[in-house]
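Welcome, and take a moment to look over the sequence and the model shown here.

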Amino acid sequence: MSAEPATLDGAAVDLSVTGMTCAACATRIERHLNRSEGITASVNYATERARITIDPTLLREHGLDSVIDDCVATVIGVGYGASRSDHDDTTHSDRRLTDLRGRLVVAAVLGTPVLALSMISPLQFDGWQWVTLALALPVSTWSAWPFHNAMWRNLRHGQATMDTLVSVGVSAATLWSLWALLATDAGDIGMTMSMSLDGGDGTPHIYLEVASTVVAFILGGRYFEARAKRRAGEALRALLDLGVDQVTRREADGRLVEVDIADLGVGDEFLVRPGDRVATDGEVVEGTSEIDMSLLTGESLPVPVTVSDRVMGAAVNTTGLLVVRATAVGAATQLAQMARMVNEAQSGKAPVQRLADRVSAVFVPIVIALASVTIIAWMLIDGSVEKSFSAGVAVLIIACPCALGLATPTALLVGTGRGARLGILIRGPEVLEATRRVDTLVLDKTGTVTTGMMAVVEVRVSPGGDRDRLLSVAASVESGSTHPIARAITAATPEPIAGATEVIEHPGVGVEGTVDGRRILVGRARDTGVSPSWGRADVTVVEVSADGVVLGWIALADELKDSSLSAVTAARAAGLEPVLASGDRAEVVDEVADRLGIERRLAGVMPADKLTLVRDLSAEGRVVAMVGDGVNDAAALAAADLGLAMGSGTDVAIAAADITLVRDDLGAVVDAIRLSRRTLRTIRVNLFWAFGYNVAAIPLAMTGQLSPLVAGAAMGLSSVFVVSNSLRLRRFR
Amino acid sequence: MVLSVPGMTCGHCEAAVTTEVSTLDGVSAVLVDLDAKTVTVTGTSLDRERIVAAIDEAGFDVG
């Protein structure tokens with residue numbers, strides 16, 4: 001949604017509003033906004049948007065930006081948050097990314113010479129240590145600011161995270177080095193740092209390179225992770241794009257007027273032309289047609305509707321002209337409810353505490369305790385304040401592992417990259433870390449385990465008839481239609497197809513046309529007792545007749561994908577219990593479930609039911625992966641622990657899911673889950689090694705044996721190990 | 001003085017009304033009952049007109 005061009009006719013702009021807790025809040029904001037002259041505002045609580053229409057006079061006098069700024073100020077003044085919604089999310093994450101990049105570049109550029117000077121003795125010219133200090137200070141203060149900031153924030157809540165560890169380690173290293181340079185002979189011009197293990201020449205060590213390197217490594221990890229993060233709210237936007245802006249209203253006197261959707265009220269009658277989206281929920285008052293309700297049910301086969309049938313806003317009208325009386329508008333429509341559901345499902349997903357933070361929460365207090373014990377013990381045994389603090393600080397420094405910053409991002413990056421090669425696009429890599437071991441797999445039927453397309457499965461002809469001839473006449477009549485059944489019949493018929501004349505479509509009934517002088521009708525099979533039994537429940541049957549005489553029947557079905565059976569077997573083998581859920585009829589769902597050998601099944605489900613199913617399964621203590629492709633799957637996809645969208649699916653489903661599968665076969669689902677498990681295991685192993693090397697060095701630090709060489713080696717080795725462990729994910733198959 | 005404000009539904013509404021009405025001269029206490037949808041204002045020399053205007057400012061109608 002962007003601002004419409006500011007023309008002389010005024011302009012309309014959307015603001016996104018945060019902090020509204022009830023419908024009364026929306027009313028309140030609306031009142032305040034409308035108080036300004038030249039502004040007409042309508043605030044939608046469900047979508048958290050305010051649509052502002054600006055009067056042309058006001059626009060000319062003040063300009064678009066200033067008017068919008070005023071509106072934003074008004075909303076904030078009432079006590080809510082507001083921003084231009086066109087680039088809200090983007091600017092926020094972009095700003096964070098730019099900020100991180102700046103800090104990372106400074107840390108890397110200044111940190112590299114610090115590291116080189118400290119580690120390579122021949123480079124140590126007179127006064128080198130003061131140069132490293134000048135280079136390292138901006139790194140451990142400005143570059144490391146996000147860590148320090150987070151540390152204070154956490155401290156107020158009595159918590160310790162990975163940030164705490166980094167901040168404490170960097171601060172200890174920097175302050176100690178600063179003290180050593182200023183107060184001891186480490187600051188003497190001509191001092192060189194011994195890289196020997198004993199470190200026993202009495203000069204306190206300086207650890208500036210440790211501080212700089214840790215900051216650079218961890219910022220690097222953060223940066224790459226932030227870059228890969230998904231943007232929230234995409235699903236909602238895609239869903240709202242399905243809405244209709246303009247509608248043709250039929251006035252009481254029969255006149256037709258084009259009006260804005262906002263001006264349509266409950267009880268108003270409006271026109272839905274063939275090919276149009278239905279503007280809002282309502283009841284058909286005139287006309288007969290077929291409506292594509294896939295939005296609600298996921299089923300692509302259009303549903304016949306006629307007078308007094310209910311239709312849903314955003315569903316697509318296929319063939320006939322309808323007049324519909326609105327029964328719900330705005331936030332009360334099913335589409336708005338679905339948007340709200342997706343939104344709630346997405347925001348209701350509590351952020352899972354990161355593994356690194358969980359480890360840190362335990363690790364940090366232990367380290368601080370150890371450092372204190374070290375200081376006290378040295379004081380008691382040796383009595384030297386300098387030695388006591390030297391050892392204590394060394395504990396803090398060595399406890400902060402470089403590799404910690406690499407453990408999670410490298411595994412996620414490699415896992416994501418490997419996934420992309422396998423046709424598994426991971427939109428939010430963080431889900432790989434957050435997802436516990438998935439044990440339940442909810443499958444949508446249409447378009448997920450089936451192809452989602454109608455295909456001719458069987459043809460039966462009346463005695464004396466001919467199969468090809470039957471298909472050929474049916475195809476002649478159907479060739480001009482885009483109806484899924486028509487397309488399936490045309491596709492099953494060998495070329496060439498003769499065109500029929502005088503073709504008439506009877507919405508909800510069938511198609512009629514003249515072929516070779518005979519009047520051919522292709523329509524839904526009537527239950528006349530003559531139509532044969534097909535031995536399966538999931539077929540749709542059409543009857544073909546010529547001049548009233550039945551020629552035969554064509555059975556069509558949405559067939560299983562070739563890969564579905566083997567994928568369900570593979571899922572079982574991987575310890576996943578499959579569950580089938582569909583908006584389709586129970587007979588059809590049973591047929592498909594039986595053939596796949598799936599026990600747990602649910603038919604006739606509405607979007608809200610799918611969401612409930614996912615929530616119920618979670619409440620049973622299961623970790624749920626959901627696979628779907630339709631708009632009606634979106635909320636469930638967002639709510640599931642792991643949401644997977646088929647690549648052929650709708651934008652809404654793809655935007656709501658964590659993973660998109662490019663390959664259209666179900667086998668990719670099992671691969672994706674296995675990949676997420678492998679990635680999680682890699683992160684765990686990485687964390688173990690990241691901490692492991694450094695933990696091993698803690699006893700050295702406590703006994704005062706730690707030298708920069710050991711510190712550097714511990715960090716270097718653990719980093720190398722972590723990176724190469726992550727790279728092993730590349731061989732995932 | 002007790003006023004009926006049917007539009008209030010949540011703590012946010014309550015806070016808004018309380019803030020607006022409290023700024024008026026002479027008001028010493030504002031008590032909102034969300035269940036009964038009432039606002040009880042106590043103080044000296046209270047002017048109903050001004051209180052209704054303040055509640056309107058907060059975004060609610062006095063019913």
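The sections that follow cover the model, its second chain, the contact between chains and some local features.

## About the model

This is a predicted model, in which local features need pLDDT of at least 70, side-chain atom pairs count only at pLDDT 80 or more, and totals for chains, interfaces and linings use all residues. Residues are numbered from 1 along each chain as its sequence is written, while chains are lettered from A and ligands numbered from 1 in the order in which they are written.

The model's scores are ipTM 0.70 and pTM 0.65.

## Chain B

Let's start with chain B, which has 2 helices and 3 strands. Here helices (H or I, at least four residues) and strands (E, at least two) are DSSP runs, numbered from the N terminus. Along the sequence, these elements of chain B come in the pattern β-α-β-β-α. Of the 63 residues in chain B, 27% are buried. A residue is buried if 20 or more other C-beta atoms lie within 10 Å of its own, exposed if 12 or fewer, and partly exposed in between, with C-beta atoms placed from the backbone. Among the contacts in chain B with a separation of 6 or more, 58% join residues 24 or more positions apart; two residues are in contact if their C-beta atoms, placed from the backbone, lie within 7 Å.

How confident is the predictor in chain B? Its mean pLDDT (the predictor's confidence in each residue, from 0 to 100) is 83, and 100% of its residues reach 70 or more.

## Where the chains meet

Chain A brings 10 residues into contact with 9 residues of chain B. The chain A side of this contact has 4 nonpolar, 4 polar and 2 charged residues. In this grouping, Ala, Val, Leu, Ile, Met, Phe, Trp, Tyr, Cys and Pro count as nonpolar, Asp, Glu, Lys and Arg as charged, and the others, Gly among them, as polar.

## Two helices in chain A

Now turn to helix α17 (residues 467-478) and helix α18 (residues 484-492) of chain A, which pack at an angle of about 135° with their axes 9 Å apart. α17(A) and α18(A) are therefore oblique to each other. The residues making the contact are A:L471, A:A474, A:A475 and A:E478 from α17(A), with A:A486, A:I489, A:T490 and A:A492 from α18(A). By class, the residues of this contact are 6 nonpolar, 1 polar and 1 charged.

## A buried alanine

A:A581 lies in strand β22 (residues 577-581) of chain A. Is A:A581 buried or exposed? A:A581 counts as buried because it has 27 C-beta neighbours inside 10 Å.

A:A581 and A:V442 are 139 residues apart in sequence, yet 6.9 Å apart in space, C-alpha to C-alpha. Leaving aside neighbours within four places in sequence, the contacts of A:A581 include A:V442, A:D444 and A:L602.

## Two positive phi values

Most residues other than glycine have a negative phi. A:S308, not a glycine, has a positive phi of about 80°. A:S308 sits in the loop between β10 (303-305) and β11 (310-311) of chain A, and counts as exposed, with 8 C-beta neighbours inside 10 Å.

A:E502 has a positive phi too, near 50°. A:E502 belongs to strand β17 (residues 501-506) of chain A and is exposed, with 9 other C-beta atoms within 10 Å.

Key: Axes are lines fitted to C-alpha atoms, for helices over the stretch in contact, and angles run from 0 to 180 degrees between N-to-C directions. Angles under 35 degrees count as roughly parallel, over 145 as roughly antiparallel, 65 to 115 as roughly perpendicular and the rest as oblique.
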